Amino acid sequence: MNLEVDYQYLKFSQLENTTFWDYYTLSNTNVIASLYPLVKLRDVLVQRKTSIIIDDNKLYKRCRVQIRARGVALRDEVFGSEIKIKKQQVCKTDDFLVAEIDAKVGGYGIIPENLEGAIVSSHYFLFEIDRAKLSPEYLGIIIKQEQFSRQIKSTGSTNYAAIRPYHVLGYEIPLPPLTEQVKIVSDYYKAINQSKQINERITQLEIGIKEYIFKELGLNNSSGRLRKKGLQVVLFNSISEWGLDKIISSSNNHSKHFNVVSISNRPDIAVNIFRGKSPRYSSKTGAFILNQKCNRWNEIDLQFSKTVDKTWFDSIDKEILTRVGDVLINSTGEGTIGRASYITENHQGLLYDSHILLLRLNVSVIDPELFVELFNSSYGQNQVNDIKSAQATKQTELGISNLKKVFIPLPESLEFQKTMVTHIKNIRTQIFQLKSKSDTIEMIAKSEFQKILFAK
C-alpha cells in the first residue's frame, strides 16, 4: 500500500515540529538555509522573568528598542515617583531585549554596557544569553539579517502585531562553533568600524560647514538661542512683528558683519513666492507632483512623488513649475516644516503640492545656494521653530507671509557670496565621496557575512 498521498487541499505537519498554533505560521515557507547547524533560540537563551518594585526616591534609567533592528537606546532618566507602573524588569549587559508590539518591525536588540541596570516594563521580554554557546556580539549581527526578521514577521496571524516569549524562543539561527563566531564578529566589525570612522569624519565636515557659514556671516555660533535677563534694548527698525517672544527671538538674528534683512523689509531680494497646488490624483498618468517627503534637506527624492491627472497638470500655469535656482521649502508638517532644497538642472519643470512653497530669489542680489545653506542651518531653523511655536497663535504653518519675515544676513558683494558657495560645495563633494565609501564598506561587510552564514 502506497502511503505517500499528494493532498491538494490538506497539509500535514509533524506535531514535534509544530511551534506556533495558527495556519499562517504553519503554512509559511520561510526557511533558513545555512552552512552551519540551525538551532532554536530556546537552546541558547533563557527568559528572565524577575522584576523589582520601584523606589520613588531612586533615579532610574529607562531604555527603549529602536525599530528596524537599530538596537537598544536610552529613553530617559527619571525618579521612581514619576514611574506609574511600580513593577519593572531590570536589564543586564548583553541581554537580548524584545518589544512585545514592535518586534515585527525590528523592535529588538542587545543591551549595551551603558544600559546595565536600566528598567523596562512587562511589555518587553528579556532573555539571558548562554555564553558557552552563543556570543552576544554574534547574535547582535544575526538579528539584523533579513533571514531573522522574516521569521518574526510571519509569526501569528497577519492582523495581530504582538508576539509572545515562546515565539521568540522558537526562532532559528545558524550557530557556528563559538571560536568561529568570534572570528566572524571580528572580521565584520573591522569593516563596520572603518565605516564608523568615515562617518565621524563626515560629521566633522558637516560641523565645519556650519562654523564656516557662521564665521563668514558674523553670526552667533552657540547651539541654543541667547536668552538675556533683565532690561533689554532693541532697535525699532529691527522689529518686524509686535509680541515679546517675537522681538526677543529677532534679537538673536543679528550679524556682526552685514545687514540682516527679510523679504518683508527688502522685497527686491525675491522675484516671487508660489504656494503649490492641491493635487488631483490619478494613477499611471505619467504626470506627477512633489510632496513634503520628496523635499529633503537640500535634496529632492522623487520616489515619494504621486501621479496626478494629466489634463489637470497641463492646465497649471507653467510659471510656478520649478526652474534652476528656485528654492523649495516645506510649509507644514511636524518634522518636515522648514526643509529647503535648491533646484538644479535635474529637477526643472516639477509641480509641487500645497504643503510646499517655491521661493524664486533675485540672483543679482542673493545667491540661492547660499540662502538654502543658511536656511537649513540652525540660524534659519531656529526662526522656523519660533514661527511654529509662537505663543500668541501656535502656528504650524510657515506660509508665504511668515517666510517673508525670516531674517538673513546679506553680504552686498555677490562675489563674496559665490566664494562662500564654492567653498561649501567643495566640502559637500568630499562628504558625498566619503558617504559612498562608507556605504560600500558596509555593503561588502554585510555581503561577506551573508556569504559565510547563509547558503543560497
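Guide: Welcome! On a 1 Å grid over the protein atoms alone, a cavity is a set of points where a 1.4 Å probe fits but cannot get out. This is a predicted model, with local features needing pLDDT of at least 70 and side-chain atom pairs pLDDT 80 or more, while totals for chains, interfaces and linings use all residues. Residues are numbered from 1 along each chain, and side-chain values use heavy atoms, without hydrogens or water.

Visitor: What makes a residue part of its lining?

Guide: An atom within 4 Å of a point. I366, L370, F371, L374 and Q417 are among those that qualify. Helix α8 (368-376; a DSSP run of H or I, at least four residues) gives the most, three residues.

Visitor: What classes of residue make up that lining?

Guide: Eight are nonpolar, one is polar and none is charged. Asp, Glu, Lys and Arg count as charged, and the lining has no such residue.

Visitor: Why are β13 and β17 said to stand at the edges of their sheet?

Guide: The open sheet runs β13-β19-β16-β17, with antiparallel pairing. β13 (270-275) and β17 (340-342) each have a single partner strand, so one side of each lacks a neighbour in the sheet.

Visitor: How do you know that β16 and β17 pair?

Guide: Pairing needs at least two DSSP bridges, and three join β16 (327-330) to β17. Here L328 stands opposite S341.

Technical notes
On a 1 Å grid over the protein atoms alone, a cavity is a set of points where a 1.4 Å probe fits but cannot get out, and a pocket is an open set with protein on both sides within 12 Å along at least five of seven lines; lining residues have an atom within 4 Å of a point. Helices (H or I, at least four residues) and strands (E, at least two) are DSSP runs, numbered from the N terminus.
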